[in-house]
Amino acid sequence: MTRPVEEPTTSPTTYPRLLHVDNLRTALTVLVVIHHAALGYSNVPGWYYVEPSTDSSATLLDVLLVLNQAFFMGAFFLISALFVPGSYDRKGPRRFVGERLLRLGVPLVLWLLVLRPLATIGRYIEARDAAAQHGTDLPYWQFYLLSFNPGPMWFVGVLLVFSALYVAWRRLADEGRDESGPATGQAPGAVAIAAFVIGLALVTYLWRIAVPMDFRLPGLPTPAYLPQYAALFVVGLIATRRGWPAGLSGTAGRAGFATAAVAAVSIVLLLASAGDAVLGQGTWPSLVMALCEQALAVGLILGLLVLFRERLAHQGRGRRNLSAHAYTVYVTHPLVLVALGYALSDVQAPAVVKFALLAVLGVPLCWVMALGVRALPGASKVL
């Protein structure tokens, strides 16, 4: 996820600022916080504070996580890509790369060296005490390496790679034509969108034969979704050149939401009936799962882009401040959620209730913390 870009709005040779996209990015950041709040009380591993599930309500959180994962990070890659061509055009390759390293690379290093140790201190103490009971020492550096996980900052790392590939492509594909402004045109029709969904589903299905959904990499916790991330990033690059966001019709948005609703119900039924067969490795349920996920992702993204463009395309002071701090929230929210998780550890309640409590408290506190962080000298230049 990238910082909101101050796009000029008057010159015909520049890209207009998409305030509705800024607002959508803020909403997706809230969803990221909610997603990670649910992780700690679900049956899905991979968070810094975890309470073992003691009741069936955790299954509801599992469903929420699966549906979220099917679209929200792909949406972030598409939204981030919308701002890339205009930024590159204005700044040129050297300055573009420099600012990417500043605004993506520096927070990534900060997370790995400072914030991640703070987020994992509780788990380290537990692991160290367990090792001591067996008569062994567990220095922090060893725990750090053995439990390495970039957390939510994997997105920033992948976005850096995608940005570098874009720069390389632009340098190699210099066709000598004017790239200063986006072409205007109609958004793709239903047939083209359906073909994209089917094609991406097939690629995802084949990819998951080797990289199933439960496969993890040290620097990429969700590699099974990499085809979607790459494809939607490329779509974002093309969409901003051709003016697709402005060309999406209200009908396309409504159709997108309807398609996403059908896909979501299908995913839930598929999970209940097929179990682990949906994970990949060439099974028929994994093919259906891949198709439903891409339909959900594309449908929701279309619907949300139209909804925010038509209903949430303005920024008063409140939305502007929320947008300005959204990237900082993305970087720092694990600290808030982990601290709150430990603070609520003695509360006796079903998993879904504790998740709701953590989310209700955590979302506003994440923005409060971001406000303090960005007030530090020089922080606003990076975050």
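Trainee: Where do E99 and R103 lie, and how far apart are they?
Mentor: Both are in helix 4, residues 84-119. They sit four residues apart, about one turn of the helix. Keep in mind that this is a predicted model.

Trainee: What does a spacing of three or four places do in an α-helix?
Mentor: An α-helix has 3.6 residues a turn, so residues at that spacing point the same way.

Trainee: What makes the contact of E99 with R103 a salt bridge?
Mentor: The cut-off is 4 Å between a side-chain nitrogen of Lys or Arg and a carboxyl oxygen of Asp or Glu. The closest N and O atoms of E99 and R103 are 3.9 Å apart. That value is within the 4 Å limit, so the pair counts. E99 and R103 also belong to a network of salt bridges with K91 and R95.

Trainee: How many salt bridges does a search of the whole structure find?
Mentor: The search finds 10. One of them joins E51 and K354, with the closest N and O atoms 2.9 Å apart.

Trainee: What makes E51 and K354 a link between distant parts of the chain?
Mentor: They are 303 residues apart. E51 is in the loop between helix 1 and helix 2, while K354 is in helix 14, residues 351-374.

Trainee: Are E51 and K354 buried or exposed?
Mentor: Buried means under 20%. E51 has 16% and K354 has 4%, so both are buried.

Trainee: How do you know how many disulfides there are?
Mentor: The rule asks for two cysteine sulfur atoms within 2.5 Å. By this rule the count is zero.

Trainee: How do you know that the span of helix 12 agrees with its length?
Mentor: Helix 12 covers residues 284-311, 28 residues in total. At 1.5 Å a residue these should span 40 Å. The end C-alpha atoms are 40 Å apart, so the two agree. Helix 12 is also mostly covered, with 20 of its 28 residues buried.

Trainee: What span does helix 1 reach, and what is expected?
Mentor: Helix 1 has 21 residues and reaches 31 Å from its first C-alpha to its last. The expected value is 30 Å, so the span is close to it.

Trainee: Why is helix 1 called largely enclosed?
Mentor: Of its 21 residues, 17 are buried, so the rest of the structure largely encloses helix 1.

Trainee: What lines the largest pocket?
Mentor: The pocket holds about 1100 Å³ of space. It has 44 lining residues, and the closest to its centre are L39, V44, P45, M213 and R216. The lining divides into 26 nonpolar, 12 polar and six charged residues. Helix 1, helix 2, helix 3 and helix 11 each supply at least two residues. Helix 2 gives the largest share, six residues.

Trainee: Why is D62 called buried?
Mentor: D62 lies in helix 2. Its relative accessible area is 14%, under the 20% limit, so it is buried. D62 and N43 are 19 residues apart in sequence but 6.4 Å apart in space, C-alpha to C-alpha.

Trainee: Is T240 buried or exposed?
Mentor: T240 has 7% relative accessibility, so it counts as buried. It lies in helix 9, residues 226-242.

Trainee: What makes phi of Q281 worth a look?
Mentor: Most residues other than glycine have a negative phi. Phi of Q281 is near 65 degrees, a positive value. Q281 is in the loop between helix 11 and helix 12.

Trainee: Is Q281 buried or exposed?
Mentor: Exposed means over 50%. Q281 has 60%, so it is exposed.

How values were computed: Residues numbered from 1 in each chain as written. Predicted model: local features only at pLDDT ≥ 70, side-chain atom pairs only at ≥ 80, totals over all residues. Heavy atoms only, no water. 1 Å grid on protein atoms, 1.4 Å probe; cavity = no way out; pocket = protein on both sides within 12 Å on 5 of 7 lines; lining within 4 Å. Points joined across faces, edges and corners; volume = space filled by probe spheres on them. Nonpolar A, V, L, I, M, F, W, Y, C, P; charged D, E, K, R; others polar. Buried < 20%, exposed > 50% of the residue type's maximum accessible area, 1.4 Å probe, protein only.
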